[in-house]
Structures are given as C-alpha cells and as structure tokens.
Amino acid sequence: MTMTKIEAIIQTSKLEAVKEALHEIGVEGMTVLEVRGHGRQKGHTEVYRGREYTVDLIPKIKIEIVLADDIVERSVQAIVTAARTGKIGDGKIFITHVDDAIRIRNDERGESAL
Amino acid sequence: MAVIEKLNEAVYASEGKLFGFQSVSRYGAELNLMAKHPIRLLTVPLLVLILSSSVLFAQTAPASASSPEQRIAALEQQAADAKSSADNAWMLVSSALVLMMTGPGLALFYGGLVRKKNVLATMMQSFAMMAVITVVWAVVGFSIAFGAGNSFFGGLHHLFLNRVGLFPDPDYAATIPLQTFMVYQLMFAIITPALITGAFAERMKFSAMLLFLILWSLLVYDPMAHMVWGKGGLLNASLGGRFPTLDFAGGTVVHVSSGVSALVCALYLGKRVGYPKLPMPPHSVVLSFIGACLLWVGWFGFNAGSALASGGLATSAFVATHFGAAAAVVGWSLAEWLRNGKPSALGAISGCVAGLVAITPAAGFVGPRAALVIGFVAGAFCYWMVTKVKSLFGYDDSLDAFGVHGAGGTIGALLTGVFAKSVINPIFKDASGKALPSGVLEGNAHQLLNQAVGVVIAWVLAIVGTLVILKVVDLLIGLRVSEEQETQGLDLSQHGEEGYYWDTPA
C-alpha cells in the first residue's frame, strides 16, 4: 500500500466544518497552516487617510494530511462537501505521492506510522 | 496620669500637622503604656509639651489682642493661600496631562501608524524628547523662552534654572510657583519637537534626529515661545507685544511651527523607499486609537491648563477644547463618509486630533458654540489637506504632521481672530482698564491681521530655521539611514530590537 498526501486550501471560515467532516470518517492526523494567496478571487481595498491599498493576497487555511490510499477518495469527498460554498474563492485540493513516513517516537515506518 | 492622658489627646488631635509628628505620637503612646517607670513618666509629657507648643504657635495668630486690620490681613492671606493651592494643584495635574500626551499619547498614535518594523523607533523618538528636551530646557531653554530679554529671545538670567524657585513671577502667573510654570511649559517644549517626528518617520537616523531636534528646540521653539508668551515678546497679546497674536495654548507656537517644520523635513529628506507604490498601511490602528484617546484627555491639560489658574477661564477652555474635538470628529468623518462611503476609525481619530489642534489657540478666547464651528471646519479642512492636497503635491509627510498640525494650527489661529470674545477673556484693555473687543465678530477687524502676522512669522521662522538646521546636521552626520537599513527597519538597524517577538516558538 502506498501513501498519499492531500493539500487542501480552503476558506478560513470553513476550517471547523472540514475538521469535523474528516474526524467523522476516521481521519485524525492533520497539519493546519495559515496562508495567503489567490486564484481568480479578487481582493478588496482598504483606505487609510485617503490612500487606497489593494489587498489581493487573501487569507486562507491550508490543511495537509497524509493517508493510506484506500481512504483518500473518501477524505477528498468529505473535504469538498464541507468546504464548498459554490462561489469563487472556495479553494483547491492537490494530491501527491508520499515516499515514506516515519514516527519519531518509535521509528515505525510506512502506513503504520500514519 | 490625667495630665499625661490629656497631653496624649493633644498629641493625637494635632497629629500630622507637623512633619514626622505622627511617628512621634505613636512612640509617645507606646512609652505611655510603660508609664509605671518614673523616668518614662516624664519623657512623654516633655516631648509632647515641646512639640505641641510649636504646633500651637504655628497654627494660630498671637494670642494677644489683634486689631481688625491684622485679622483681615490674616484672612486675606489665607484666601490667597487657598487660591494658590487650587491653582497649583490644577497646574501640576495639567503638567502631568501634557506629558502624558507625548508619552504614551503621541508615541502610541504615531507608533500605530508606521509599519511593524519601525514601531519601537517611532515611539523612541517621542520618548527621547521627554528625556533630552527636559535637560536642554533646564540648562538654557527656559531662559531663552521665558527670560526677560528682547522681542525675540529671553536672556540668560535663568540659565540652569537660576532663580526659578517657588515664588511666583506675577508677569506670568501670580498664584503659582515659578517652578510650576516652568515645568508646565517644559511639557509643551517636549511635545512640539516630538510632533515633527511624524514627518520623517521610518527613514531618519536616531543620532541625526536627536541633534536636529535639540537645535530646533533652541533655535525655533524657544524664540517662538518667547515671541508669543515671553516677557517683551513681539507677538505677546497679554504683555503688550507689537503685533498681539491671540494664542491661548500654542496654536502658532506648537502646531504651526512644528507642522510647517515637518513639511520642510519631509521635502528635504525625500520620500520613503517605495513610496508611493509600495503599500505601507498602519500596522496597528488599535495603538493609534489608544494614543488618540490619551491625546484628547491630555489636551485638557494643554488647553485648560493654559489658563494658569483653576478658575472660570480654565472651565471655559476645557469646554471649548472638548467641543472642538468632538465637532472635528464629526467634520472629518462626515467628509470621509460622503467621499468614500465608509467612515473609518483612523479618520475619526485623525479628525479628533485636527480639532484639538485648531481649538488650541482659541480655547481660552471663544465660547462653546464657536468651538463647535472651529472644530467642524478644522475636521473637514484637514481631511481635505491630508487626502487631496497631499496626493496632489506628492510629498511624503508620513504621518501627516503638516496636514494636521501645520494646517490645523494655521486655520485655528485665523479663526481665533474671528471668534475671540472679550467677555470670555478680556485680553485687550484700554487705559482705564475697560475691556476692548477681541475678535472680528466682536468688532475688532484688525485682529485677523495680527493673527496673520503671527502665523506668517511662525511659518517663516519654521521654514528658515528648519532648513538651516537640517543642512548643518546633514553635513555633520547625515540625516537618512541607508536604503538597506530602511528596508530592514529602524527597530533593528537603529536600536537592535524588535517590537513584537510573537512568531518565534517558545
């Protein structure tokens, strides 16, 4: 069995919903980062003393999880269902292959380290 | 034993009236408990007798028959003492309030407006003034500003605060010690150069800033203060200056001088690296908000304290100050709401400061309704200066020291000439002591001209003085940090610190 990494960039307001959805299907390990970026979503303008500032790097949440292949598709569906609003800015999911995983506490390798 | 008890009662009754007396009486009470011993029986009454007799003689008039004249004189002295106490208490509080305006008021206000990498350096500039200007003032500043001299400078009688003691100087304030007056004025001398730092924020060397502002304080502020408030000053309205300029708390002395100097600095030093293309929004409007509120409260000391007494004029100035600030918030916010669709927090607090600046020269000369008008006009006017005019000319007055202080001070000074009323403050009197009209609306059209003269002199002194000092300091040690230091941020490059150490792991 090989391992897969899911990187999901989602709206900041959807973090709780996505976490719950993943917990419900039994996925427990994850890494959460606060990031900024944009795809096609436009930013907004702020005005300070008459000067306009365009904020086009929008705050997002990135979730990284490494899973055994057999639960990847279910996890993707869970994320998509929880994170979707139907508007531009909902985010993206990227899937990559992971060569190995090691548990630092006891040297376990491979899937048992997940 | 009854005698001892009676004396002990006398001790407790007069407790605290003599310095250190409380501890003595308690010791006496303890001794009394061991009164069985004959020698101890004597020490307490003796001690009590000696001390309480001096208390009794200090507090009351001689027991011998005093004439009505003597008693009236004693009463008059007590009344004068009471007034002095009230005035001095208010003036000491006002001095503290004005110092608070610099730190943390201005430090926070400016600190929040700059980028995170420059927050400490910006606050440090204000704080440095609190320390350095105090020393300069004590050595020679006070003497130049308030010593008797000619129309432009005081003399050196008060070098090292010579003859600045606890007796009043009636030319300035008859009911408070000269030292109170000196320390109150010191707080103004501190905040004025601190205001200029807003113009060259984020790009000036700390050493150059120190040298520049010390020289500026001596060569621009002190003469300006002397001309408007000092004995023999050219513009002094209350001491017979040739062009009496009505400036109650420092519209020209503090705000026009610093604001115009700020503009000169901004033009001379040039724009920040990346300005105006690179976004440089305030890193914490929250800090600026807190600073602005401290400025508003502190300004009561700045304006109402300029009455130099705690009576009705202080009340009038207090009320005018508050109304001016409030109306200016409305003026600026309304203008912004109409132009941008949203009233911002930064706009509201900027409006507040603009109003306070504009009401500063007027505070003790105008009534509450005029204060509302002055505040509202200043709020809208400064909004226009900061948004339209600044972008039109393209100068990088980073924190709008000119747009708010220079412009607000100028318009405030002119409006003071319009709205001043002798019924509030009879500053001009004829030979028989009758009050003459103060402002234009009251019938003294000439006053607007005098105000203009004062403003022009402030502008000229600020421009010429600042240019010369900038050039000298630039030649000696250079004014700006290097581009690399500016990009790195002044906190690190000038002070070796970071303002917020939040992102590093435990």
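Which residue in strand 5 of chain A is the bridge partner of A:Gly37? It is A:Ile58. One caution before I go on: this is a predicted model.

Let me place that pair. Strand 2 and strand 5 of chain A, the latter covering residues 58-68, pair in the antiparallel sense. Seven bridges join strand 2 and strand 5.

Now the whole sheet. Chain A has an open sheet of four strands, ordered 2-5-1-6, with antiparallel pairing. Strand 2 (31-37) and strand 6 (91-98) of chain A are the edge strands, each pairing on one side only. From one strand to the next, the twist averages 25°.

A helix packs on this sheet. That is helix 2 of chain A, residues 72-83. Helix 2 touches strand 1 (3-10), strand 5 and strand 6 of chain A. The directions of helix 2 and strand 1 of chain A make an angle of about 5°.

Next, where the chains meet. Six residues of chain A contact 11 residues of chain B. On the chain A side, strand 3 (residues 44-48) gives the largest share, three residues. By type, that side of chain A has three nonpolar residues, one polar and two charged.

Last, chain B. Helix 4 (residues 68-113) packs with helix 9 (residues 285-303) of chain B at about 160°, and their axes are 7 Å apart. Angles over 145 degrees count as roughly antiparallel, so helix 4 is roughly antiparallel to helix 9 in chain B. The crossing of helix 4 past helix 9 of chain B is left-handed. What residues make up the contact of helix 4 with helix 9 of chain B? There are 21 nonpolar, nine polar and no charged.

Notes: Residues numbered from 1 in each chain as written. Chains lettered and ligands numbered in written order. Predicted model: local features only at pLDDT ≥ 70, side-chain atom pairs only at ≥ 80, totals over all residues. Contact = placed C-beta atoms within 7 Å. Helix = DSSP H or I, 4+ residues; strand = E, 2+ residues; numbered from the N terminus. Nonpolar A, V, L, I, M, F, W, Y, C, P; charged D, E, K, R; others polar. Pairing = 2+ DSSP bridges. Axes fitted to C-alpha atoms, helices over the stretch in contact; angles between N-to-C directions. Parallel < 35°, antiparallel > 145°, perpendicular 65-115°, else oblique. Left-handed = near helix turned anticlockwise from the far one by under 90°.
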